[in-house]
Amino acid sequence: MKLLDAAKESLRTDYTWKQVGRLTAKGARALPRASAEYVLEKFPIIGWLPRYNYRWLINDVIAGLTIGLMLIPQGLSYAKIATIPVQYGLMSSWLPSAIYAFMGTTKDLSTGPTSLIGLLTAEIIESLHGDVYTPIEIASAVAMMMGIYGMVLGFFKLGFLLEFISLPILSGFISAVAITIILNQMDSLLGEPDVGDGTARQIHDIFSQLPEASGYTCAIGFTGIFLLTVLDQVGKRWGKTNRIAWFVSITRAFIALVIFTGVGYAVNKGRGSPSNYLFKVAQVQANGIERPRVPSGGLLGKVASRSIAVFIGSTVEHTAIARAFAVHNNYVTDQSQELTYYGVINVVNSFFHSMGVGGAMSRTAVNSACNVKSPLSGFVTTAVVLVCIFKLVGTLYWIPKATLAAIIITAVWPLITHPRVFYSYWRTSLADFISSMIAFWVSLFVSTEIGIASAVGFNIVYVLLRQVFSSIQTFPSPKDHRDSSSSSDSGLPLAFSSSTHPNNMTLPADVRIFILRDSFFFPNAYQIKHQILDTVKTCHSPIYNGAAGLETERNWSVTGEQRIAKLRKEAGISAADVGDLPPIGLLIIDFRRTNHVDATACTHLAALLKELRMYGGSAVEIRFVGMSPYVRSRFERAGWVLVDAEESTDKDEEKVVRVFEVVGDAVAAGRRLGGAEVTRNRTGSIGGGSMKKGENSIREKVSFQEEV
């Protein structure tokens, strides 16, 4: 019966059960309305379409047409990067823009195949191509896994997890990807017969096979690069003032595609079989959109882990582009909803024999420059790509592979981060520089999966170590002994003072203040506890100090004493001064910068108090300063009795602690030794209370010169 009553009382008073009950009731009341809002959030078009201004239609049509003309050559090129038949680049491009009109939260973002997704997909295809699966089957399976990961994060609103990948890591990762893409296109650009895999091998093969390069292929490729570069410069120089120059510049890939497709047709049409062509052509072959098919379950299992790197790289790129243009054009985007769209489109797209898709910087910039007004422009883009799939595939057969290589190289070249950016990481943070270099070099010479995983792993270890070795500020600092030997008087800093005490008040010799600089929880609780103990043992005498007249049996182990001797030497405390060290009477912990504590911290702090009293005697007192309501409630629920400064208590339990607003008040308040109030007079003598035998001789050695 008593057990049942105790259980009822626990349920009635326990904070956690009360919190669970409150949250459950609150969730039940909000569920119907929240469910309706959640569904509406997944289709933003419901909110903005009724307010659509039909005068925006011209802008949306122009933007959609322009993006469609850009998407055709880019889709073909990025399929080539992914090592799948190039027509599947078009199959991957027609649906994303239409779905984005329903689910997107930006007006500017253009989605479809990207160079980053193409390269990472190619690596997976290369690793699995020896199996019974075709490249497009593998690419579709990768797209589905990307979509599944995106839907999980999006539907559960976990988009914030992507913020754990730092910008320096992305800079190194994307730069390595861009260089790898360029190296992969060199055989098509030069017409070299066989370039191996791996960065080092590719560089070797490219230069060793230069004498075997095809002159016709080089002419087509380098002329394409020249034309694309010239048109790009035309846009940069005159695009802001001349609309024709601007349009010619942004559609330069489409213009190059038309010109060189005509050249390929004119030169090679009458030469019989492809082996007789002067240069290789894309040989695009398609008969409309193929019948949808779900990727096989066995293949999904094989690509599941390999698809994580593709997912991370493309989603970070997608959400970063969305945020950047939302800020640029003064509206707000929803990162979790963008991930929901990303997941849905990749799952649906995978049914149509497609590679993965995501946001593309170049097309998004052009879309914004076209002054697009809404995501409705995506329907126009879809229409343009569908016309190409059903009506122009025969013409695209004659696109020179060197032209596609030229389009790819000029598109990804700007993605390579300038060396001065990496130098800025060096000057700002060594850890950021190291993580960017790990991402760059490992991705470049090993693999992109291992590159981004190792860089993120380094960052995680770095963050954990920063927490584990979180430093605390001590006042007075142990190094002060170098300047003032055993002198115990120090002026209290302004930040510690209160309105009722002068700023130049003197700190008593037996007082030590510790300021926590961060959250106090399981990664750093043990380390902080030992930092406090080490400081106390370095600067204060123990109860078995012979100079204090105490004869206490020492522990058999001398390891601790050797450690403290070393710390005292570093602090400038000589062996001759050890006997004059003051005992520890009051320890103050400042929580003003601490916004979180956990059970581990509360437990370690209780152990700290116990060890302090073993070292300095049962009269040692600990006081807390500046605790927020959240931190204070955590301690109280862990069994601590926290008493406000103005309150009095007769409790003499281990975990009874007085709490103050400012450090000055904590220093100036009277002491409680053995349950009785202790006062100090102007000369520092201690009166009142009862103390154990032997401790009185220690306390009488403490001298205070305090003006209150």
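User: What percentage of the 708 residues of the chain count as buried?

Analyst: Happy to start there, with the reminder that this is a predicted model. A residue counts as buried when its relative accessible area is under 20%. Applied to the 708 residues of the chain, that cut-off gives a buried share of 50%.

User: How many helices and how many strands are there in the chain?

Analyst: The chain has both kinds of element. Among its contacts between residues at least 6 apart in sequence, 78% join residues at least 24 apart. As for the elements themselves, the chain holds 11 strands and 30 helices.

User: Are helices α6 and α18 roughly parallel or antiparallel to each other?

Analyst: Helix α6 covers residues 96-103 and helix α18 covers residues 377-391; their axes come within 7 Å and cross at roughly 165°. Angles over 145 degrees count as roughly antiparallel. Therefore α6 and α18 are, to each other, roughly antiparallel.

User: Which residues of α18 make the contact with α6, and is the crossing left-handed or right-handed?

Analyst: On the α6 side, the contact is made by S97, A98, A101 and F102. The residues of this contact divide into 4 nonpolar, 4 polar and no charged. The α18 side contributes G378, F379, T381 and T382, and the crossing of the two helices is left-handed.

User: How do the residues of the contact of α6 with α16 divide into nonpolar, polar and charged?

Analyst: Helix α16 spans residues 335-350, and α6 packs against α16 at an angle of about 145° with the axes 10 Å apart; this crossing is right-handed. From α6 come P96, I99, Y100 and M103, which meet Q337, E338, T340, Y341, V344, I345 and N349 of α16. Sorted by type, the contact residues come to 7 nonpolar, 3 polar and 1 charged.

User: Is S140 buried or exposed?

Analyst: S140 sits in helix α8, which runs over residues 135-155. Leaving aside neighbours within four places in sequence, S140 is in contact with P295, S350, H353 and S354. Its relative accessibility is 4%, and the cut-off for burial is under 20%, so S140 counts as buried.

User: How many disulfides does the count come to?

Analyst: A disulfide is a covalent bond between the sulfur atoms of two cysteines. To be counted here, a pair of cysteine sulfur atoms has to lie within 2.5 Å. By this rule the number of disulfides is 0.

Methods
Residues numbered from 1 in each chain as written. Predicted model: local features only at pLDDT ≥ 70, side-chain atom pairs only at ≥ 80, totals over all residues. Heavy atoms only, no water. Axes fitted to C-alpha atoms, helices over the stretch in contact; angles between N-to-C directions. Helix = DSSP H or I, 4+ residues; strand = E, 2+ residues; numbered from the N terminus. Parallel < 35°, antiparallel > 145°, perpendicular 65-115°, else oblique. Left-handed = near helix turned anticlockwise from the far one by under 90°. Contact = heavy atoms within 4.5 Å. Nonpolar A, V, L, I, M, F, W, Y, C, P; charged D, E, K, R; others polar. Buried < 20%, exposed > 50% of the residue type's maximum accessible area, 1.4 Å probe, protein only.
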